[in-house]
Structure formats: C-alpha cells, structure tokens
Amino acid sequence: VLIIVIDALRADRVNNNNELTPVIDSLAENGERFTRCFACADKTTASIPTIQTGLYPTRHGILHLGPDVTERELRNYSSTTSLQESLSDTHTTIAAEMSYDLYTRGFDHVYPEDETPVHIDLAKRVLKCLPGETYERTSRLYHNLLSRSSAKNKNKLGGEVVKKDRADQKTDYFLDTIDDVIEPWSGFLHYYDTHWEYNAGQR
C-alpha cells in the first residue's frame, strides 16, 4: 500500500500532455485515474487525517489549521483508527512526513525523526493563551516570520538548502527503509516542495 500526497500541486499541472509530470502520467495510464476528486477541506491538517482514517473532518475531529488545532480536536482524533494502525499487525508502516504527530501517529518508521524544536512548540502554547484579537494578530505575525525564516534557509534558487524536507530526501529515506523491511509494507509520502520557491536541485 503506497499513498503519495503532493501538497499544493495544481491539478492542471499534471497529466495534461505538457511533459511536466511524465512519471505521474505513466502511472495514470497504467492504472485507474479519478478525474472528479475533491478535497474534504481547504486545510492540510484536516485533509491528511481524512485520507488516513476515511472520515470527514466533522467525524475525525480535526477542523483547524496547524497551531489553531484545539486540545478538544486532538482528543476527538485520538479516538479514531487510521489506516496505518489498521495495518500494524500485517504490514511495516513507513511515513515520510513533517515532524508532526497528527500525521505520523501509528507508523513504525517516520522521517524526519527529530522533534519539533522546543522554542516553536513553546511559542505555539504561549500564543494560544492570548485573547482573541491579540492572538489573531500575533499568530499571523509569528507564522509570517517563521515562514520567511524557513524560506530563506531552504529555498534559494541554486543555493544550499536544508534537505530533510525535500522530496528527494524523503524518497531516498523511504526506498532505503523498504529495502530493510520484510514485506508487506505500507507507505505514506507527503511532499510539499510545491509550497516553497522553486529549487531545481542537483538531479
């Protein structure tokens, strides 16, 4: 079982005979292609749990984006069963994701393996203590600064990038991992290079 999610990839950039996605196009030609699929939500943190559980956001409980996910939502989500948890007795499960427990719960192997930096986790907890309007303004400012810092470090065209979030690094980890496990396996790859500025890489 292999699920690949490409965050923020426009449908009109795939399989439209412009040779931008030849490998995906080849997979589509040799498999089943669904042309009328719709996201269950406009937020990644609501959509990924839906893919992994088969439940609508109102059923699995995650309704908000990132730091706006509440403790109550997390408690509701903890009562659901994901695909990787259902397969845990028969498959080795592997996730190449961001370091976010919401997406990686129940997997045997997770990339990257490091935790969310303490200062980021602490800042999110402090933000949640602020009153309504102050929280909204401060949260937007914090996430804009964090995004700019991340982009500055990762996405200079032709420059050095932090590799752990890049598709090629996730793919290498996944392939190396399945080489070392006994089949059957189940994989979940979440690519989000399309969020960043374009970087051609070295391949």
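Biologist: Where is the place of Ile62?
Modeller: Ile62 sits in the loop between α3 and α4. Helices (H or I, at least four residues) and strands (E, at least two) are DSSP runs, numbered from the N terminus. Before going on: this is a predicted model, where local features need pLDDT of at least 70, side-chain atom pairs count only at pLDDT 80 or more, and totals for chains, interfaces and linings use all residues. Residues are numbered from 1 along each chain as its sequence is written, and side-chain values use heavy atoms, with hydrogens and water left out.

Biologist: Is Ile62 buried or exposed?
Modeller: Ile62 is buried, with a relative accessible area of 0%. Buried means under 20% relative accessible area, exposed over 50%, partly exposed in between (1.4 Å probe, protein chains only).

Biologist: Which residues is Ile62 in contact with?
Modeller: Leaving aside neighbours within four places in sequence, the contacts of Ile62 include Thr45, Ala46 and Pro49, as well as Leu74, Tyr77 and Leu102. Contact means heavy atoms within 4.5 Å.

Biologist: Thr45, Ala46 and Pro49 turn up there. Which residues of α2 are buried?
Modeller: Thr45, Ala46, Ser47, Ile48, Pro49, Thr50, Gln52 and Thr53. That is 8 of the 10 residues of α2, so this helix is largely enclosed by the rest of the structure.

Biologist: What do they pack against?
Modeller: The buried residues of α2 pack against β1 (2-6), α3 (57-60), α4 (71-78), α5, α6 (101-104) and β4. Just after α2, Gly54 takes a positive phi of about 80 degrees.

Biologist: Which elements supply at least two residues of the lining?
Modeller: α2 (44-53), α5 (83-86) and β4 (185-191). The largest share, 3 residues, comes from β4. Among the lining residues are Ile51, Gln52, Leu83, Phe107 and Phe188.

Biologist: What is the lining by class?
Modeller: It has 6 nonpolar, 4 polar and no charged residues. Ala, Val, Leu, Ile, Met, Phe, Trp, Tyr, Cys and Pro count as nonpolar, Asp, Glu, Lys and Arg as charged, and the others, Gly among them, as polar.

Biologist: And how many aromatic pairs?
Modeller: The count comes to 3. In one of them, the rings of Phe107 and Phe188 have their centres 6.4 Å apart and their planes at 40 degrees, so the pair is tilted. Rings of Phe, Tyr and Trp (its six-membered ring) pair if their centres lie within 6.5 Å; planes under 30 degrees apart count as stacked, over 60 as edge-to-face and the rest as tilted.

Biologist: Where do Phe107 and Phe188 lie?
Modeller: Phe107 lies in the loop between α6 and β3 (109-111) and Phe188 in strand β4, so the pair ties together parts that are 81 residues apart in sequence. Phe107 and Phe188 are both buried.

Biologist: Last one: which residues does a cis peptide bond join?
Modeller: Glu183 and Pro184, with omega about 5 degrees. Pro184 lies in the loop between α9 (167-179) and β4.

Notes: 1 Å grid on protein atoms, 1.4 Å probe; cavity = no way out; pocket = protein on both sides within 12 Å on 5 of 7 lines; lining within 4 Å.
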